Amino acid sequence: MSAHAAAQLLKQQIPLLDYLVSQQWQPARRIARGRLIGLCPLHDDRQPSLLVDPVKGLFYCYGCARGGDVIRFVELSHSVPFREALAILRRWSGVGSLLSDVVHFYQFQLQRHPEAAAYLAQRGVRQSALVERMRIGYAPGRCLRAHLMGRGYSLSDLQQAGVVTREGLDAMAHRLIFPLEANLYGRSLGHAYPHRFLPGGKGGLYLFIRHVPERHAVSSVVRRRQTRRFPGLRLRCQR
Ligand SMILES: [Zn+2]
């Protein structure tokens with residue numbers, strides 16, 4: 001299949017709006033012909049200037065004057081060429097539903113483990129609405145495999161996505177979980193376990209980090225992205 005035909009197929013499989021919403025994009029309002037307006041994630045937008053047409057699968061930003069389809073959006077948001085954007089979208093469509101189930105599991109576990117909520121409070125994250133909106137969870141280190149296999153995933157699905165180890169254990173065990181694009185960031189509560197990303201999904205954040213030449217890049221990038229998306233949040237930096 002040619003790259004052009006592959007791109008057409010991918011666009012049919014991944015509606016632009018679905019992808020944007022998975023990146024926490026929220027429309028500010030609906031306008032004529034079912035089109036939506038919201039803040040533009042491609043530039044530092046203060047008032048909604050991104051126009052999205054879900055029927056045509058196209059966007060245009062009146063602020064930074066850029067537009068196109070879902071592939072163009074990934075090219076711009078990740079600063080990658082066309083072929084790499086296709087690969088990111090393929091990965092996103094493959095692991096999207098599995099990761100969504102994993103995130104729900106971890107969110108539920110956060111409510112059952114007061115030590116994780118206490119750690120968040122100590123870091124200045126106390127509002128439950130914010131925790132809910134950011135989909136923060138906790139990996140207690142058990143039950144993940146059984147839960148997911150009960151939902152129909154095979155052990156090899158879980159291993160390929162990197163959510164369980166070769167032995168079938170929770171790869172994020174004993175960490176707070178911050179969902180990212182096609183990946184999870186696991187923040188250790190103490191010093192016993194290192195912070196961790198899923199091994200397979202080095203798309204968005206890692207590409208982004210290449211352009212951030214500073215120490216503690218991971219935590220500062222996570223913090224910056226989250227404060228941009230959630231202006232009420234001020235995560236204190238732990239060095
Ligand atoms: Zn823009």
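Helices (H or I, at least four residues) and strands (E, at least two) are DSSP runs, numbered from the N terminus. The model shown is predicted: local features need pLDDT of at least 70, side-chain atom pairs count only at pLDDT 80 or more, and totals for chains, interfaces and linings use all residues. Residue numbers start from 1 along each chain, following the sequence as written.

**Figure 1. The loop between α8 and β7 around T165.** T165 is found in the loop that runs between α8 (155–161) and β7 (175–180). A residue is buried if 20 or more other C-beta atoms lie within 10 Å of its own, exposed if 12 or fewer, and partly exposed in between, with C-beta atoms placed from the backbone. T165 counts as partly exposed because it has 14 C-beta neighbours inside 10 Å. L155 is ten residues from T165 in sequence, and their C-alpha atoms are 9.9 Å apart in space.

**Figure 2. The open sheet of five strands.** The protein has ten helices and nine strands. Five strands form an open sheet in the order β1-β2-β3-β4-β5, with antiparallel pairing. Two strands count as paired if DSSP finds at least two bridges between them. At the edges are β1 (27–30) and β5 (67–68), each of which pairs on one side only. Strand β4 (residues 58–61) is joined to β5 over two bridges in the antiparallel sense. Y60 stands opposite G67 in β5.

**Figure 3. Strands β7, β8 and β9.** β7 and β8 pair in the antiparallel sense over six bridges. F178 has Y185 in β8 as its bridge partner. β8 also pairs with strand β9 (residues 196–197), antiparallel and over two bridges. Here Y185 stands opposite F197 in β9. Five of the six residues of β8 are buried, so this strand is largely enclosed by the rest of the structure.

**Figure 4. The largest nonpolar core.** A nonpolar core is a set of buried Ala, Val, Leu, Ile, Met, Phe, Trp, Tyr and Cys residues joined through C-beta atoms within 7 Å. The largest one has 26 residues, of which Y106, Y138, V163, L176, I177 and L184 touch the most other members. At least two residues of this core come from each of α4 (82–112), α5 (114–122), β6 (137–139), α7 (144–150), α8, β7 and β8 (183–188). The largest share, five residues, is supplied by α4. Two residues are in contact if their C-beta atoms, placed from the backbone, lie within 7 Å. Leaving aside neighbours within four places in sequence, Y106 is in contact with G137, Y138, A139 and I177. Apart from this core lies another, of 19 residues, among them L36, C40, I71 and I88.

**Figure 5. Helix α3 and the residue just after it.** In helix α3 (residues 70–78), the buried residues include V70, I71, F73, V74 and E75. Across the protein, buried residues make up 27% of the 239 residues. Just after α3, S79 takes a positive phi of about 55°, although S79 is not a glycine. S79 is found in the loop between α3 and α4. It is partly exposed, with 13 other C-beta atoms within 10 Å.

**Figure 6. C143 in the loop between β6 and α7.** C143 is found in the loop that runs between β6 and α7. Its phi is positive, about 75°, although C143 is not a glycine. C143 is partly exposed, with 13 other C-beta atoms within 10 Å.
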